[in-house]
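Please find below a colleague's note on the fold and its side-chain contacts.

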Amino acid sequence: MFDWHKKRSEDEFYVAELDKHLKNDKTRESWDKIVAFDPMGWFAHPPTMAAVYSSVLIPEVQFEVDGKIVREDGRANVLKLAMDYVWDMKRMSERLEMDEDKFRASLVKYTQNEKIADKSRRLYLPPVGGCTCYIFGDVSLLGKESTEVAVRVHDSCCGSDVFGTDICTCRPYLVFAVKAAVECAQRGGVGVVSFFSLSFSNLLFFGISADIQFSFSSFTQIIYYQKEGRSLGEVTKFRVYNARKAQKGGDRSETYFFHTENIAGIRDARFQEMMPDALHFLGIKRIDWLLSMSSDKYDGITQAGIQVMQRVALPDYWVPKEALVEIGAKIAGSFFSPFFFPPFSIFDSNSDCPTHSWLPLRQG
Ligand SMILES: [Zn+2]
């Protein structure tokens, strides 16, 4: 059974538009920067990438039917691309500004896999979740400089993304981003929503955090354990929620970070240094609309040499009432720079969209 997944079935096919895009030299111009994925993973054995056409239907929003990007049944056509991590250990240690031996030794220690210490083995496939890109519009248009590009790089949050909790803005931002990506595609552009499941929490999983924290000199380096609860794990996340809700005076922005720091000893355990690899892979050199308020993500993308023209904040009426505490704390904590706020009407001319009824701020 072990070998079965390595074989491509005769029924599998390479999605033509993606194949064309990936074979374009322009797409590959930044591939030498990629350290977390194998850019040729589509053709590898076993394949570490796979793509499939699909559709998206989100109950909170209605897409405008155009018969091309959005079908008659209201579903938006999408190209989904899944990518497993393939770590180039030498280059990844360089990216992390770590000694390669120390990097490998940390991996050996926490995986009990002695083979990782062997420097003749360049690549490592960590047994953790990867990244999925949802691409709206013709992906091959990314090769044209004039193409309008909207991007969200989304860190998974099961409580909100799947179960719709109202204490954070993860799902609302994800839904807003999908809507913006679809609209961008309908204007002739390309919308990309990248979803990181475990992302680089892996590094803390492998016990590399302490090393990294010591080896970085200046800008913020935050390491994931799990993405849930800012990579601190869902147990910690729920403990923080519990303390926030139970504290004297009730949940409020002023004490938002205190509780995470008090329980976990750190405010946030993520970092975004490898995240742009997925954008390099698709050949994205300029993002017209970055659907994120995170300064860490913005810094990660721009420091990777990708130009960001405009950051798009989540409109306030998309924020669940309970999540006002979080968003207020993040704004106060300089998670993003208000200087970059665009007019929301660009994406949301219909601000009275009834599909937002589960996001009660406007009514409340
Ligand atoms: Zn969340």
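1. Conventions. The model is predicted: local features need pLDDT of at least 70, side-chain atom pairs count only at pLDDT 80 or more, and totals for chains, interfaces and linings use all residues. Residues are numbered from 1 along each chain as its sequence is written, and side-chain values use heavy atoms, with hydrogens and water left out.

2. Overall composition. The protein contains 13 helices and ten strands; these are DSSP runs numbered from the N terminus, with helices (H or I) of at least four residues and strands (E) of at least two. Of its 364 residues, 53% are buried. Here buried means under 20% relative accessible area, exposed means over 50%, and partly exposed lies in between, for a 1.4 Å probe and protein chains only. Among contacts (heavy atoms within 4.5 Å) with a separation of 6 or more, 74% are between residues 24 or more positions apart.

3. Sheet order. An open sheet of six strands runs in the order β1-β2-β5-β7-β6-β9, and its pairing is mixed. The edges are taken by β1 and β9, each with a single partner strand, so one side of each has no neighbour in the sheet. Two strands are treated as paired if DSSP finds at least two bridges between them.

4. Strand pairings. β6 pairs with β7 (residues 190-196) in the parallel sense over seven bridges, with Ala-150 opposite Gly-191 and Val-151 having Val-192 as its bridge partner. Val-151 also stands opposite Leu-290 in β9, and the β6 and β9 pairing is parallel over two bridges. By contrast, β5 and β7 pair in the antiparallel sense over six bridges; in that context, Phe-136 stands opposite Gly-191 in β7.

5. Burial of the strands. How many residues of β6 are buried? Seven of its seven residues are, and the strand is mostly covered. Val-149, Val-151, Val-153 and Asp-155 point one way, while Ala-150, Arg-152 and His-154 point the other way. In β7, six of the seven residues are buried, so this strand is largely enclosed by the rest of the structure.

6. Helices on the sheet. Helix α5 (residues 170-186) lies across β1, β2 (76-83), β5 (131-136), β6 and β7, at about 155° to β7. Helix α12 also packs on the sheet, where it touches β6 and β9, and its direction makes about 125° with that of β6. These angles run from 0 to 180 degrees between N-to-C directions, with axes as lines fitted to C-alpha atoms, for helices over the stretch in contact.

7. Helix α12 in detail. The buried residues of α12 (residues 295-303) are Ser-295, Lys-297, Tyr-298, Gly-300 and Ile-301. Their cover includes β6 (149-155), α11 (277-281), β8 (286-287), β9 (289-290) and β10 (307-308). Just after the helix, Gly-305 has a positive phi of about 90°.

8. Aromatic pairs. The structure holds ten aromatic pairs. Rings of Phe, Tyr and Trp (its six-membered ring) pair if their centres lie within 6.5 Å; planes under 30 degrees apart are stacked, over 60 edge-to-face, and the rest tilted. Tyr-14 and Trp-42 make an edge-to-face pair, 4.9 Å centre to centre with 75° between the planes. Tyr-14 precedes α1 (16-22) and Trp-42 lies in the loop between α1 and β1 (49-56), so the pair ties together parts 28 residues apart in sequence. Tyr-14 is partly exposed at 29% relative accessible area, whereas Trp-42 is buried at 2%. Together with Phe-43, Tyr-14 and Trp-42 form one aromatic cluster.

9. Charges over rings. The criterion is NZ of Lys or CZ of Arg within 6 Å of the ring centre and within 35 degrees of the ring normal. The charged end of Arg-152 sits over the ring of Tyr-173, 4.3 Å from its centre. Arg-311 lies over the face of Tyr-298, at 4.4 Å from the ring centre.
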